[in-house]
Amino acid sequence: MASRTITMYAEKQFELEEMKDAMKAEFYKLKLDVEFAGEVYRELGETKTLLLIFERYYLRTESYASLMILFSEFKGYQSADIISAGGKELLFSWGAEENFAKWGEEALRNLGFLTKVR
């Protein structure tokens with residue numbers, strides 16, 4: 001299975017509970033046919049986390065790719081770890097997971113997140 005990971009950061013602009021709807025709205029603006037597959041929300045002391053899972057069917061690979069975004073919030077800052085996987089047919093993914101990760105990154109950039117400089 002092919003995968004791609006991107007890490008982004010932002011000062012808090014949205015409550016984590018609002019991120020699901022904000023991401024859905026961004027995908028809609030990008031005209032992406034993306035299905036919401038699930039979420040997990042946790043508060044651990046001062047840290048909040050939210051895992052959002054999206055799926056998209058790729059005709060060119062005749063399979064689904066998943067996009068998981070793990071949001072973490074601590075003391076006014078948020079991070080987002082974007083992980084896309086799947087979209088693979090036999091030995092080739094044809095870039096499905098790369099595209100899905102980039103769309104997630106674009107949606108988060110529109111919400112004020114910046115890619116971590118390494």
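## Basis of the model

The model is predicted, so local features need pLDDT of at least 70 and side-chain atom pairs count only at pLDDT 80 or more, while totals for chains, interfaces and linings use all residues. Residues are numbered from 1 along each chain as its sequence is written, and side-chain values use heavy atoms, with hydrogens and water left out.

## Overall fold

The protein has two helices and six strands. Helices (H or I, at least four residues) and strands (E, at least two) are DSSP runs, numbered from the N terminus. In sequence order the elements follow the pattern β-α-β-β-β-β-α-β.

Of the 118 residues, 42% count as buried. Buried means under 20% relative accessible area, exposed means over 50%, and partly exposed lies in between (1.4 Å probe, protein chains only). The protein exposes about 7,000 Å², and carbon and sulfur atoms supply 53% of that area. Accessible areas come from the Shrake-Rupley method with a 1.4 Å probe; for residues, only the protein chains shown count as cover. Among contacts between residues at least 6 apart in sequence, 59% join residues at least 24 apart; contact means heavy atoms within 4.5 Å.

## Helix α1

Helix α1 covers residues 16-29, and its 14 residues should span 20 Å at 1.5 Å a residue. The end C-alpha atoms are 20 Å apart, which agrees. The expected span of a helix is 1.5 Å times one less than its number of residues. Just after α1, K31 takes a positive phi of about 60°.

The buried residues of α1 are L16, M19, K20, A22, M23, E26 and F27. Their cover includes the strands β2 (35-44), β3 (47-58), β4 and β5 (77-86), together with helix α2 (96-110).

## Aromatic pairs

A search of the whole structure finds four aromatic pairs. Rings of Phe, Tyr and Trp (its six-membered ring) pair if their centres lie within 6.5 Å; planes under 30 degrees apart count as stacked, over 60 as edge-to-face and the rest as tilted. One of the pairs is F27 with F54, which is edge-to-face, with 5.1 Å centre to centre and 80° between the planes. This pair links distant parts of the chain, since F27 is in helix α1 and F54 in strand β3, 27 residues apart. F27 is buried, with a relative accessible area of 3%, and F54 is buried at 1%.

Another edge-to-face pair is formed by Y57 and Y64, at 5.2 Å centre to centre and 65° between the planes. Y57 counts as partly exposed at 39% relative accessibility, and Y64 as partly exposed at 44%. F27 also belongs to an aromatic cluster with F36 and F54.

## Salt bridges

The structure holds six salt bridges. A salt bridge is a side-chain nitrogen of Lys or Arg within 4 Å of a carboxyl oxygen of Asp or Glu. K12 forms one with E73, the closest N and O atoms being 3.2 Å apart. K12 lies in the loop between β1 (3-11) and α1, and E73 in strand β4, so the pair ties together parts that are 61 residues apart in sequence. K12 counts as partly exposed at 32% relative accessibility, whereas E73 counts as buried at 7%. K12 and E73 are linked with E15 and K48 in a network of salt bridges.

The side chains of E39 and K20 also meet in a salt bridge, at 2.8 Å from N to O. This pair links distant parts of the chain: E39 is in strand β2 and K20 in helix α1, 19 residues apart. E39 counts as partly exposed at 40% relative accessibility, while K20 is one of the buried residues of α1. A further salt bridge joins E105 and R109, with the closest N and O atoms 2.8 Å apart. E105 and R109 are four residues apart in helix α2 and are therefore separated by about one helical turn. E105 counts as buried at 14% relative accessibility, and R109 is partly exposed at 40%.

## Surface patch

Y57, L59 and Y64 make a nonpolar surface patch of about 350 Å². Patches are made of residues with over 30% relative accessible area and no salt bridge: like charges are joined within 9 Å, and nonpolar side chains (Val, Leu, Ile, Met, Phe, Trp, Tyr) within 5 Å. Y64 lies in strand β4 (residues 63-74).
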